[in-house]
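Okay, thanks for coming, everyone. Let me put the model up and talk you through a couple of things.

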Amino acid sequence: MSLKLLDEFRNPELCKGLLDKLHSLVDREFRFMEVCGTHTVAIFQSGLRSLLPEQVVHLSGPGCPVCVTHESEVNAFIDLAERDDVIVASFGDLMRVPGSRGRSLKKAQADGAAVEVVYSPPDALKLAAANPGKTVVFLGVGFETTAPTVAGTLLMAREQGLKNFKVLSFHKLVPPALVALMTDPGVRIDAFLMPGHVSAIIGVEPYKVVAERFGKSSAVTGFEPADILGALVFLAEHWKSGQPAAANLYPRVVRDEGNAKARAVMDQVFETTDALWRGLGMIPRSGLELRSEFEPFDAKKAFDLEIVESPALPGCRCGDVLKGKLRPDQCPLFKKACTPASPVGPCMVSTEGSCAAYFKYSMD
Amino acid sequence: MSEKVLLDYGSGGRASQRLVSELFLKHFDNPELERLNDAARLDLQGPVAMSTDSFTVDPIFFPGGDIGRLAVHGTVNDVAMLGAEPQYLTCGYIIEEGLPMDDLERIVASMGEAARHAGVYIVTGDTKVVPRGTVDKIFINTTGVGRIVADPMPSGDRATPGDAVLVSGTMGDHGLTILGTREGLSFEAAVQSDCASLNHLLLKLVRALPSVHVLRDPTRGGLATTLNEIAISSKAGMEIDEQSIPVRPEVAGGCSVLGLDPLYLANEGKFICILPEADAEKALEIMRQDELGRDACRVGTVTEANAGKVSLVTPLGGKRLLNMLEGEQLPRIC
């Protein structure tokens with residue numbers, strides 16, 4: 001989509017109208033959660049956060065793939081990277097995430113481990129082709145948005161017969177995490193902004209459970225200020241009328257039924273499994289692992305990796321932040337022991353993490 | 001000379017001499033260097049500005065420039081930011097054995113051209129060649145000196161509440177070009193480095209307007225980081241209007257794809273100028289008359305409130321912190 005086309009969704013007049021509407025709708029505390037790191041950043045970066053009515057409480061949920069990557073998964077990345085026969089290929093924003101032993105891929109790299117930052121999974125495939133003497137392991141982290149591309153890359157690897165390419169799949173699924181969140185007794189959320197990118201793959205159907213089972217509205221929306229404000233007005237209206245609904249307010253990118261082709265590729269390669277989420281713990285059927293016919297490409301099998309749940313980092317409250325129970329600046333480590341330069345928890349590492357966004361953009 | 005740079009060329013013997021006479025003297029042609037003494041003799045009077053910088057860029061050739069040009073422009077600009085007239089440069093090379101001689105000549109020729117354009121002499125230098133793998137192709141250090149013309153001298157701690165904050169042109173061109181070339185990414189439209197020597201324009205500016213309080217070039221860390229440094233040194237706040245910051249559409253597009261922010265990307269041919277409100281229009285007029293300041297504009301105001309912090313007013317009218325860069329910018333997952 002061209003930037004010009006997006007200009008109308010940034011129109012200050014349009015946004016002002018929507019803000020006025022929101023002001024008139026919200027007469028008591030209204031707590032909304034976004035479940036996508038790109039929304040987190042968009043709300044801060046556009047200055048929208050400073051313009052929201054005081055009673056609108058903005059919470060950032062478990063929507064940043066880096067933030068929910070469990071410390072024991074990071075330990076596994078580092079263990080692999082430190083093997084002489086392995087080159088680890090990773091997305092850039094995983095580099096600084098600390099594992100439970102306080103080490104990160106970046107530190108391992110400085111100590112001589114072979115870690116290559118790639119921009120897309122097929123780049124890792126090229127890396128494998130160029131390094132036949134090594135095993136290239138791609139770190140499969142991300143939600144439904146990333147998983148189809150990784151699945152497509154695995155199909156390519158099989159076609160090319162690349163024996164030295166593996167994927168360590170820690171992909172996670174958004175809908176099971178929402179259910180886990182809503183069943184947590186301490187969580188107070190009135191409505192959800194649903195992720196634009198993830199929904200382009202899974203569609204709107206999986207969110208209906210939030211309305212039907214938990215009585216909360218949700219809206220899939222884009223990342224421009226008018227997208228977000230339009231969705232907030234919709235959510236506030238339904239919250240006020242007591243009629244929960246699940247809407248797709250991002251039809252220029254998301255089809256209600258999602259992208260069946262991408263899901264088919266994903267299903268061909270992956271199957272669901274229980275997964276560990278940082279801060280949320282084990283969530284049943286919330287992760288993706290390689291199907292048995294892709295075993296030759298499965299790093300877990302090839303290196304006999306067992307992911308042992310390690311204890312949470314001492315003092316880190318990322319889990320409570322991800323559940324919307326705690327504002328980043330309420331964490332005792334925030335801006336003290338934990339800064340983007342030396343992060344303790346993942347919410348501070350990822351540029352799309354809520355603590356990092358708070359640190360970077362909040363005037364408080 | 002051989003097709004590749006060999007260890008011999010850094011030995012100090014005949015091979016080194018050949019490199020000096022056939023390459024450096026040819027391209028850096030100036031009377032002081034030709035004497036080939038152990039040191040250069042300089043004529044300097046009054047207060048002098050001095051700056052040094054080491055250049056290690058991957059790739060060494062990129063759209064809009066190369067490591068050689070960058071090494072001249074970078075140091076010339078640092079000296080010029082004190083309201084000084086850069087006069088002399090030194091130049092030290094650490095070269096990886098096996099670098100194609102053609103590449104070295106291209107770099108040296110480009111430095112010669114950049115120095116002539118900036119009006120500085122490269123008066124002394126050194127070359128070391130190290131075994132393959134111990135450096136990445138070529139590292140260059142340059143040190144520059146020049147007479148300070150501006151009185152009082154512009155300085156990063158002189159931003160004063162009420163001052164206007166100006167930038168000389170578009171932000172992020174160099175940083176995005178380097179990241180894009182390094183990763184082999186192609187963008188919708190060609191982006192290229194803005195690498196240029198700003199000394200002629202800066203001298204015009206400080207000669208016409210002695211009221212200039214601060215001149216800084218937003219190189220590594222970009223505009224956001226440099227503004228924060230100024231706010232901290234000056235113990236003042238800053239309010240920047242996001243909409244008025246010039247960014248090329250192709251740079252904005254490339255950044256949005258990669259999850260980068262142009263306000264944190266390096267510039268190599270731009271400067272920030274902070275001066276009293278009353279002289280802002282005059283400064284912009286001078287800047288815009290020059291090719292290198294064509295897109296100059298005012299981006300904000302120095303404030304008494306929020307000392308040490310920079311706030312950004314967004315197009316929506318919201319306000320948020322514009323913080324310093326933390327570590328390097330890394331491309332994101334999704």
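This is a predicted model: local features need pLDDT of at least 70, side-chain atom pairs count only at pLDDT 80 or more; totals for chains, interfaces and linings use all residues.

Residues are numbered from 1 along each chain as its sequence is written, and chains are lettered from A and ligands numbered from 1 in the order in which they are written.

So, chain B splits into domain 1 (7-148) and domain 2 (164-321), with bounds from an automatic or database domain assignment. Taken over C-alpha atoms, their centres sit 27 Å apart. Across the boundary, 22 residues of domain 1 of chain B are in contact with 22 residues of domain 2 of chain B (contact is C-beta atoms, placed from the backbone, within 7 Å). On the domain 1 side, α3(B) gives the most, with 8 residues; helices here are DSSP runs of H or I, at least four residues, and strands are runs of E, at least two, numbered from the N terminus.

Now helix α7 of chain B, residues 222-234. What about its burial? α7(B) is mostly covered, with 10 of its 13 residues buried, meaning 20 or more other C-beta atoms within 10 Å of the residue's own, all placed from the backbone. Among them are B:L223, B:L227 and B:I230. The buried residues pack against β7, α5, β8, β9, β10 and β12 of chain B.

Key. Two residues are in contact if their C-beta atoms, placed from the backbone, lie within 7 Å. A residue is buried if 20 or more other C-beta atoms lie within 10 Å of its own, exposed if 12 or fewer, and partly exposed in between; C-beta atoms are placed from the backbone.
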